[in-house]
Structure formats: C-alpha cells, structure tokens
Amino acid sequence: MYLVNDGSKSGIRQEDIHLLSDKISGFTYIDSEVNQGKGGALRDAVRQTTGKWVIYTDADYPYLISNAVEMFRLLSTDAADVVVGVRDEQYYDQLPLGRKIFSLSLKVMNYLFFPQLKVKDTQSGLKGFNQKGKEVFLKTRIPAFLFDMEFLVLASKRSDIRIQWIYVQAREGIVFSTMRAKTILTELYNFISILFRINK
C-alpha cells in the first residue's frame with residue numbers, strides 16, 4: 001500500500017503513519033513537500049511500485065470493496081491490461097449538482113473529441129493496470145484531475161493494450177465535495193491541452 005500526502009501541512013499525524021507502517025506489511029508513505037495535483041501525486045507512487053499490478057483510488061475510497069476485488073480479479077487472471085471503473089446511475093445521483101454537470105459534460109466531450117476512447121467515463125477514481133498499463137500511465141503529464149482521461153486516451157491509442165471496464169457503486173454514507181469554478185476552468189484548459197497534444 002502506498003499513501004501519498006500531496007503537500008498537505010495539516011491533518012497528518014505521525015502516530016497514524018507509524019500505526020499504518022506497523023500494521024500493514026509493505027506500507028509506503030510518500031510525503032510531498034509541495035502540492036502537485038492528483039496526477040503528479042499518483043505518478044510519484046506508481047513510479048515506486050514493484051508489484052505486478054497497480055490499483056489506485058482516493059483517500060476516502062468512495063466505492064464498494066467488491067469493486068476493487070473485481071478489478072483485481074480481472075488483472076490477476078490476465079483478462080485485461082487496464083481496468084476502468086465506470087460510475088452507474090446511482091453513483092451520479094449522489095454527486096453534488098456541479099460535479100454531476102461537469103462529469104456528464106466531460107463524457108459528452110469525450111464522445112465528440114476523442115472517438116478512439118474505449119471508455120468514455122474517464123473520471124472515476126478507481127483504476128487498475130498491469131506493467132504495460134503502468135508504462136503508459138507514467139507517460140501522463142496532466143497534474144490535476146484530467147490525468148485519468150489523458151491516461152485512457154494514451155492507452156486507447158495502443159492496439160496491444162486490452163481495456164476493460166466495470167461498474168462501480170458509491171458506498172453508503174460517502175459525502176462528495178463540490179467542485180470550485182477555478183477547478184472547472186483549470187480542467188477545461190487541461191482538456192484542450194490533451195486534445196491538441198495527443199490528437200495532433
């Protein structure tokens with residue numbers, strides 16, 4: 001298990017980190033001095049991994065445990081090189097309105113501008129891959145949320161990479177944060193940069 005603190009200076013207690021290190025075999029804590037964005041933080045962790053497969057998610061893990069188990073099953077049986085979580089209607093129903101509009105709009109934009117994408121719902125925070133997928137993942141550059149989309153566009157362009165998707169469901173009691181206007185504008189800029197850099 002790799003846990004990344006992406007530049008946060010509050011809420012991190014060293015006794016908690018020591019407890020995780022004692023209780024979890026192979027636990028690695030990565031403490032970034034500066035905030036890099038989710039994409040940068042995950043690349044730091046993935047670069048250090050030594051196992052056959054990588055599954056990444058968010059700190060609050062908003063999904064059912066069975067979703068990650070199914071993802072692991074597909075990877076460990078060599079049924080896919082990349083496995084993508086796709087959010088179902090129940091999941092979207094629990095999102096704040098702003099996040100729901102952004103997510104659904106992004107799906108439409110993916111259909112229009114990235115027809116090669118094998119999975120149009122690119123933003124679920126649960127994905128897994130083997131070593132071939134890891135190689136592609138580490139070629140991503142986007143620091144913030146759209147690194148997921150960049151990864152799947154790059155993987156979809158590779159004819160030798162098998163991509164499968166599974167439905168993921170939100171676990172009971174999860175509370176989703178809202179998206180700020182500044183974040184949405186940043187992601188629109190990232191979308192355009194991916195469009196021109198990868199599709200050129």
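Trainee: In S5, which residue is the bridge partner of Val 82?

Mentor: The partner of Val 82 is Phe 129. Before we go on, this is a predicted model, where local features need pLDDT of at least 70, side-chain atom pairs count only at pLDDT 80 or more, and totals for chains, interfaces and linings use all residues. Residues are numbered from 1 along each chain as its sequence is written, and side-chain values use heavy atoms, with hydrogens and water left out.

Trainee: What do labels like S5 stand for, and how do strands S4 and S5 run?

Mentor: Strands (E, at least two residues) and helices (H or I, at least four) are DSSP runs, numbered from the N terminus. Two strands pair if DSSP finds at least two bridges between them. Here, S4 (residues 82-87) and S5 (residues 127-129) run antiparallel, joined by 3 bridges.

Trainee: What is the strand order in the open sheet of 4 strands?

Mentor: Reading across, you get S3-S5-S4-S6, and the pairing is mixed. S3 (54-56) and S6 (163-168) are the edge strands, each pairing on one side only. From one strand to the next, the twist averages 20°. Helix H3 (residues 65-76) lies across S3, S4, S5 and S6, at about 165° to S6.

Trainee: And in which sense do S1 and S2 pair?

Mentor: S1 (residues 2-6) and S2 (residues 28-32) pair in the parallel sense, over 5 bridges. Between them the chain passes through helix H1 (residues 14-23), giving a right-handed β-α-β crossover. Right-handed here means that, with the strands pointing away from the viewer, the path from the first strand over the helix to the second runs clockwise. For landmarks, Tyr 2 stands opposite Thr 28 in S2, and Val 4 has Ile 30 as its bridge partner there.

Trainee: How are two packed helices described?

Mentor: You give the angle between their axes and the distance between the axes. Axes are lines fitted to C-alpha atoms, for helices over the stretch in contact, and angles run from 0 to 180 degrees between N-to-C directions.

Trainee: Which residues of H7 make the contact with H8?

Mentor: Contact means heavy atoms within 4.5 Å. From H7 come Met 149, Glu 150, Val 153 and Leu 154, meeting Phe 191, Ile 194, Arg 197 and Ile 198 of H8.

Trainee: At what angle do the axes of H5 and H8 cross?

Mentor: The axes of H5 (residues 97-113) and H8 (residues 181-198) cross at roughly 15° and come within 13 Å. So H5 is roughly parallel to H8 as well. Phe 102 and Leu 106 are among the H5 residues in that contact, and Ile 184 and Leu 188 are among those of H8.

Notes: Parallel < 35°, antiparallel > 145°, perpendicular 65-115°, else oblique.
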